[in-house]
Amino acid sequence: MLHTYFLKQRLFKIHNLPIRFGALKRKFKYVLGGVQKRPGHKYYFKEDYLNEYDAFTKYYRTICSNGYISKISSEVDNMGDYCDLYNNVSEDTKSLQLNLFYEPFTDHQKNENILYATDHVRIQRNIDKGNQLIATRNLSRNTVLINEKPTVLQVAPLCSCVGDSRTSLYRCHHCGTSCKQFYTCDSCNVCTFCSRKCLTIACKEYHVYECFGLQRHFWSMDDTDYGYISFRILLYGATKDFNTDFTNYSYGNVENNYPFIYGLESHFKDMSRTKVNKILYSAVRNLLYLRNKTNFFKPYKTKPNIDDMYMYIGGLLVKHYCQAQINSIILKFPNLIVASGLNISSGSGKAICPTIALINHACSPNATIIIYSNYLVVKSIKSIRKGEEITVCYTEVNAFFSVAERRLITEQLLYFTCRCAFCLFEENSIEAPYKCPFCENGNAKQLENSNTKHLGMCTKCLKTFPLDALMKHIKRAAKYKSAYNKTNSLETLKKLEACYKQIFPLNSLHLLDIYRLIYEKHLGLQDKPIEILKYGILIFHILENGLCTLYIPLLSAKVMFMYKMVDMKRFMDIKHVTQEEFDVAKQFTTEVVKLKKDLLFYLPEERLQYYTYIQTKVHSFFQGITCP
Ligand SMILES: C[S@@+](CC[C@H](N)C(=O)[O-])C[C@H]1O[C@@H](n2cnc3c(N)ncnc32)[C@H](O)[C@@H]1O
C-alpha cells in the first residue's frame, strides 16, 4: 500500500526538509521527463513560499494517519478503462477545421525588457498592487500592447462524452491553434496536434505523463478546477529543472519562463480553509497519479530521501494550483462560436501567460484580452494617456455595482481587495468624506478612538484638526436637506451646495449629486445659459476625476452637452460674462476640442463630423465673447 510505503520511507520526518532537499537535488542531478539535467543548476526555496509546501506535507501526514490516503490512492489505482474518445469523430468534422483566426502581429515595436510586449508599456512597482504595466506614451484605442503565446496551455481534448464531437472544433493540444489537419498521439488517440512538431514536443515534455489520465478523464477540466493546469505547470517546470533563477533584469524568457511563473501571485495565505483543503486534495491526487501511473519518479526510486522529493513536488503542485487560480486566462473562444456557429466545448481551456499576468484588474478597465488562435493579444479599448496604468477586467464586475459589491466579488473569487482608481475614488468619498482644511481636495475622516472623537485626520497629509467647525456645517446641511426634500426649492438646494462645499472636497460624490439635481431638475432653457454651462462643467470635472480616464460615454455626453448649449436660443445672446465664468467656459471648450483625436476612433465618420461641428461652434463662440 502506498501509505505503508511512505511510512517506510520515513516520510513524516520532514521539518527541515527544504534544506535537506536542496542538498538532495544537487546530489541527484536527476533526470526528469526524459530530459537529461544539466549539472550545476541551483535549486532553492523562497522563504515566502514555504507555506504552501508546509501545508502540503502537514496535510499529507494527516490523511496518511487517518487512512484517507488509501482512499485517494485506490481511486487512482482503479482508474477505469479509457472511453471511446475520438472514435466518433467523422471525416466531416475534420473538414470543418480551419485556421480562421490566426492574425500575426508583426507591425509593432518589440519591448526589449518584457517578453511578448510592445514598447508601449513598462513595468512599475505599486505598493498596493505589486507589479503593474504602465503606458509609455499616449495610446489610441485598438493599440496592440501584448501579443503572447501561452507558456502553459490547457485545451480540453475532444471527447464524445464531453461534448458533441460532430460540431466541435479542433484546437492543438500543445499550442492552441485551430487547424485544418491534425495529428493525434498514437497511444491515447485523444489529443489532437496541429503539427508533428507540436506532437513531438508535447510527447517529450509532458504528454507522456498525462496521456493515461486524459484517456480516463482524470482531470475535470472545467472552469473552476485548476488540477490539470497545475499539473501541466509542474511538468513545464520539470523540463526546466525547476530552475527559478533569472539573472538579468528583463521579464520573461522563451527558453525558460518558469522563474516568471514561479514568481506569480498565489494568495495562498488569503484562502479559506475549505478552499485550501480542496487544493491540497487535488495536489495529493496529482502526486499519487504521477507516482503510481507514470514513471516521473522513476529516476529517484533507488535514491535515499525519495520521500523528500514527493513532498517537494506536492508543495509545488499546491503553489501552482493557487497561481493558476489567480493568473490563468480562461479561453472561451467566443470569436470562433460567433463566426463558425460551432459548439467548441473541445476548444475551451485556460492559459498561463506570465507577461499578461502583469496586468492588474480595474472595474473600469482600459484594455482587454482577445484570443487569436494560438496568440493572446492585449489591446487598448480606450485611449490611454502616458503614465496611465494598463488594466483589464478580471471578472464579472463593472462600475455599475457599488464599491462594496465589487470588492466582495474580487475578495471572494480572487482573494484581493480591489484598489483600482475607480474603487479608490468611491472609497474615499465614503470612508474619508470630509474636506481637509490644509490640502486641496484632501479626504479626511473622523478618528474612531473615544478620546479623539472630535478629531479629523486627512488621509493625504495625515494632519489632524478639530471637527467642531465641520460638525456645525453638517448639522446645517441636514436641516437644508430635509427642507429641500419638502419644498424642492432651488434656493434651498443652493444653500445645501454652499454648505456641502464647506464639508466635502470639491470633487466629492456628494457635490456631484447636488450639481446633477440642479442641472437636470432645476435648470431649464429659460435660465442663464452660463449657469447651465457652469453646472454641466462641474459634473464633468467630478466624473473625470473619478473615472481617471477618458471613455466613450463620458466623451459623447460632453459633446451632447455642448450640443444642448448650441441649441439654446439665448445662448448666442450672451454678450457679457464674468471673467471667472469666461475662463471656466473657455478652458472647458478648449479641452473638448482637443478630444477630437479621441473621438476619431470612437465614432463613425458622419457622427464625428457632426460632433466636430458642434465643438468648433461652441469653442469659437467662447473665443469671440467679450469680457467686462
Ligand atoms: C494577475 S496578477 C497582476 C500582477 C500582480 N500585480 C503582480 O505583481 O504579479 C493579479 C494580482 O494583482 C493584484 N491586483 C490586481 N488588480 C488589483 C487591484 N485592482 N487592486 C488590488 N490588487 C490588485 C492582486 O494581488 C491580484 O491577485
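1. Helices and strands here are DSSP runs numbered from the N terminus, a helix (H or I) having at least four residues and a strand (E) at least two. Such angles run from 0 to 180 degrees between N-to-C directions, and the axes are lines fitted to C-alpha atoms, for helices over the stretch in contact. Two residues are in contact if their C-beta atoms, placed from the backbone, lie within 7 Å.

2. The model is predicted: local features need pLDDT of at least 70, side-chain atom pairs count only at pLDDT 80 or more, and totals for chains, interfaces and linings use all residues. Residues are numbered from 1 along each chain as its sequence is written.

3. The protein chain has 21 helices and 16 strands. Of its 628 residues, 39% are buried. A residue is buried if 20 or more other C-beta atoms lie within 10 Å of its own, exposed if 12 or fewer, and partly exposed in between, with C-beta atoms placed from the backbone. Among contacts in the protein chain with a separation of 6 or more, 67% join residues 24 or more positions apart.

4. Two strands pair if DSSP finds at least two bridges between them. Strand β8 (residues 349-352) is joined to β4 by four bridges, and Val152 has Ile352 as its bridge partner in β8.

5. A further open sheet has three strands in the order β3-β11-β10, again with antiparallel pairing. Because β3 (144-148) and β10 (367-372) stand at the edges with a single partner strand each, one side of each is left without a neighbour in the sheet. Neighbouring strands of this sheet are turned by 20 degrees against each other on average, direction ignored. Six bridges connect β10 with the antiparallel strand β11 (residues 375-380), where Leu376 stands opposite Ile371.

6. Which residues come nearest to the ligand? Gly130, Asn131, Asn360, His361 and Arg419 do, out of the 20 residues around it. A residue is near a molecule if its C-beta atom, placed from the backbone, lies within 6 Å of it. Strand β2 (130-135), helix α10 (306-327) and strand β9 (360-361) each supply at least two residues of this shell, and the largest share, three residues, comes from β2.

7. Helix α14 (residues 468-487) has 20 residues and should span 28 Å at 1.5 Å a residue; its end C-alpha atoms are 29 Å apart, which agrees. The expected span is 1.5 Å times one less than the number of residues. Just after α14, Asn488 takes a positive phi of about 60 degrees, although Asn488 is not a glycine. Asn488 lies in the loop between α14 and α15 (490-503) and is exposed, with 12 other C-beta atoms within 10 Å.

8. Tyr415 also has a positive phi, near 65 degrees, in a residue other than glycine. Its place is the loop between α12 (403-414) and α13 (421-431). Is Tyr415 buried or partly exposed? Tyr415 counts as partly exposed because it has 19 C-beta neighbours inside 10 Å.
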